[in-house]
Each structure stands twice: as C-alpha cells, then as structure tokens.
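Trainee: Could we go through this structure together? I would like to begin with the charged side chains.
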Amino acid sequence: MSQHTHALTEFLAGLRYEQIPEPVLARTEDLFLDWLGSALASAGSHPIPLFERYAQEMGPASGPSRIFVNRGSSSAYFAALVNAASSHLVEQDDLHNSSVLHPATVVFPAALAAAQHLGKSGRELLVASVAGYEAGIRIGEFLGRSHYRIFHTTATVGTLAAAVAVGKLMDFDQQKFIHLLGSAGTQAAGLWEFLRDAADSKQLHTAKAAADGLLAAYLTREGLTGAQNILEGEQGMAAGMSTDSDPSKLSDRLGTRWALAETSFKYHASCRHTHPAADALLELMQREGLRAEDIAQVTTRVHQGAIDVLGRVTVPQTVHQAKFSMGTVLGLIAVHGKAGLPEFHTLALTDPAVAAFRDKVSMLLDPEVDGAYPARWLGRVEVTTTDGRRLKGAIDEPKGDPGNTLNRDDLEDKFRRLVQFSNARSADEAGELIEQVWRLREAADLSGLA
C-alpha cells in the first residue's frame, strides 16, 4: 500500500464532525436536498418501477430504510438500490468536475439507508456523506481521464464512495477502511457502451454502486477481508482501468481542501457535458437578440470527454437518450429557452423545430477547452446566422458550478419543480421535506425522514 492510500484511509478513520467547516456542512445539506429532489422526480418513470418490483420480490415487504418513489420501505440494501437508481434517471443530480463523478446518487442512497437501519443521527449522516464525497472524488481524480473514456466513473468509483460513507457510519478504523476499499473496488463496474443502444444501464450502474458499496461495508464489519492495495496494486483498479492514474490525487490536501464544496449542481436536465455549450448558446442568443430560425449552423467547441459520451447519440430514440444529444439539448435551448424536465418529456422527441435545430449542431474538439477539462468545463460556441454573420459565445463557468452556483432559494425552487414533475409529493409535503433537510443536524434519528 502506498503512502497516498495510507493517508486517505487514515483521514477517513479520523474524520470527526467538529473538523468539518460550517460551509462544508451547509453545502452537504444543500447537496442532500438536491439529491432527494432527483430521487423523487423519477417516480413512475421507466425503468424505476422495474427496480421497485425487484426489491419487492427479493427483499422484505418492509424494513427500516425508506424507498422514496413509492413511500415504501425495505432493508437498507434494497432501499439503497432503488433510491440510487431513481436519483440518477432525470439527469438533475450533482457532478464534481475534475473527477467526473456524480457523488450524490451513490453516496446518499447508501448512507441514508444504512443510517436508518443503524439508528444514526443527522450529524452522523452528514459526516459519513462528507467522507464518501471526499474519498470518491479523490479516487475519481486518481483514475484520470482515460478511465472515463470506457468506464462510467459514477458506477465504478461510486461503489467505493458509497462503501466509505457506510463504513464511516460504522466507525471503521484505518485497517477496516483498507479492507473496505478492497471489497468495494473488486466489485466496481460500469461501461459506457449502453449509450449506443439507448439501454437502461445507467440506472443499474448507480443502483449497484450504492448497494454493492453498502454490501462491502456490512461484510467488512463482520470480518470479511479485502485486497490491501486495490487502488494502486499490480492487478488493482488503476492497472486494469486507467492509463494515466496519479496516486498523489488520493491524498491531495486532505483536511484542508474540501472537495465536496467543489461539487456542481445541474441546472439543465441533461448530461453535464451539454451544459457549457447550452449556457454559451443561451448567452449568445440573448446578447444578439437571435431566435432559433435566425441560426443556420452551430459549432460547439468541446473537450474530448464530450465527444466520447455525446458522440454516440445521433438521432435519440428515448427521452433519456435525448439528454445525451448535444443537438437536441441546444435545440430545446434555442427553440424553447430551456431544457428542463417538462421540455424533454413533451418536446425533445416530438417537436419538429427541435429536430430541425438538432441537425444544425456539430461538435469540434477544441484544444483550449480540452486542455482545461476536467478541472474546468468551458463553453464555446460559434454560430452562423441565416444572414451570414459569424458570432461567438463563451462561458467559463456553467450555471451550477461553484463560481456560478445555486443558492438555497434556487435549490428550494428546483426541488419543488422536481417534486411537482412526478407528483411524488404534494406542495405541502415538499415544503415539509425542505424544512427537514435544513434541520438535518438536529435529527436524533432519521426514521421519520420523508
């Protein structure tokens, strides 16, 4: 085991509530509310009912841990499974830029389900969630850009992030965290090939990451041993899943750099790789007073990761696949001014104007944008108008990034919109949930949450 894995596990074992700065605790509450809204927004939408039926068939009829989309309950394992699947469907869950990891959708389902099972407090849930974010983000950065080209980082690294969060609830010492990483890392999986077929695998990725992370923690508690050097070993994760791993990322400024606070909220209901170009196009159209019909061509200048993920989708066949189509997202922005859940579900596949605009959009690898990625996600677009003008739009921080973030009023508004979209809760219930989250630190136990 290297000094970097040693430092990471030592930090995780020693982390205490009192060490976490107030702004980081507050941001953890913000991220939790944002995650909960994403989980509720998918109620009734395919393929989430499939996960619900699986949990009902294979798990207990009820249990200590809540399943949000159907107001039911189950064991911690099956609650984590369903809640993680549901919170990744509508593409509104958070993202950390430099790790290209969606931490919330794997950390919170596992941590909350285990906390409800174990009778933990709101403060203990917050500490566990911080631990999961800090570990997951650093492991994602460690595996590098090459990992993300083939592997869905939220599925692979997410398994370890979820495991760490649950292990922290169980107050693991350093040696147990090492075994935990070994048992979580050997289960880590998730491939991008599903995008070519509009398959439902993305929800399976997060469901299994959260549930398998929880599984690893519970078994480690019972004495199961894991590989001692799963991250950097000769036959470990980096050896099999990366060509540009950087072990120093694992221990980067532990305890002084709070990576959780760098996490971005998603404004548009689409793949995050579309957001920089969407914001740049929206800024350009507002600045120049353009309508969709005034635009003859749009070239988005992007990083290679965007091409790797979005380039597989040409003519989307499903609403979810449309969220990975740069042309469709920009079509919604240009024609309707927004790319939220209602626009995707009622217009993305049916509006001829959106389809026509989609055909005007292309992606081009840009050295400046690619060089900045993944630490920064720059938005650059070039527009040719129908009257022959060539215009440029640029944004350096998409809406939701730490430097252009959403405040609590914004997050409450987003939460209410997400809940209203699925009718998973009434307006009054949504308000009650918001208040519960803002008082999370005061909760002696979490059995009544939601």
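Trainee: Is Arg 417 buried, exposed or partly exposed?
Mentor: Arg 417 counts as partly exposed, at 40% relative accessibility; buried means under 20% relative accessible area, exposed over 50%, and partly exposed in between (1.4 Å probe, protein chains only). Please note that this is a predicted model, where local features need pLDDT of at least 70, side-chain atom pairs count only at pLDDT 80 or more, and totals for chains, interfaces and linings use all residues. Residues are numbered from 1 along each chain as its sequence is written, and side-chain values use heavy atoms, with hydrogens and water left out.

Trainee: Which side chain meets Arg 417 in a salt bridge?
Mentor: That of Asp 413, at 3.1 Å from N to O. A salt bridge is a side-chain nitrogen of Lys or Arg within 4 Å of a carboxyl oxygen of Asp or Glu. Asp 413 is partly exposed too, with a relative accessible area of 42%.

Trainee: And how many salt bridges are there by this rule?
Mentor: The count is 33.

Trainee: What about Arg 380: which residue is its salt-bridge partner?
Mentor: Asp 396, with the closest N and O atoms 2.8 Å apart. Arg 380 is buried, its relative accessible area being 15%, whereas Asp 396 is partly exposed at 37%.

Trainee: Changing topic, which residues of helix H3 are buried?
Mentor: In H3 (residues 48–58), these are Ile 48, Phe 51, Glu 52 and Ala 55. Helices here are DSSP runs (H or I, at least four residues), numbered from the N terminus.

Key:
Helices (H or I, at least four residues) and strands (E, at least two) are DSSP runs, numbered from the N terminus.
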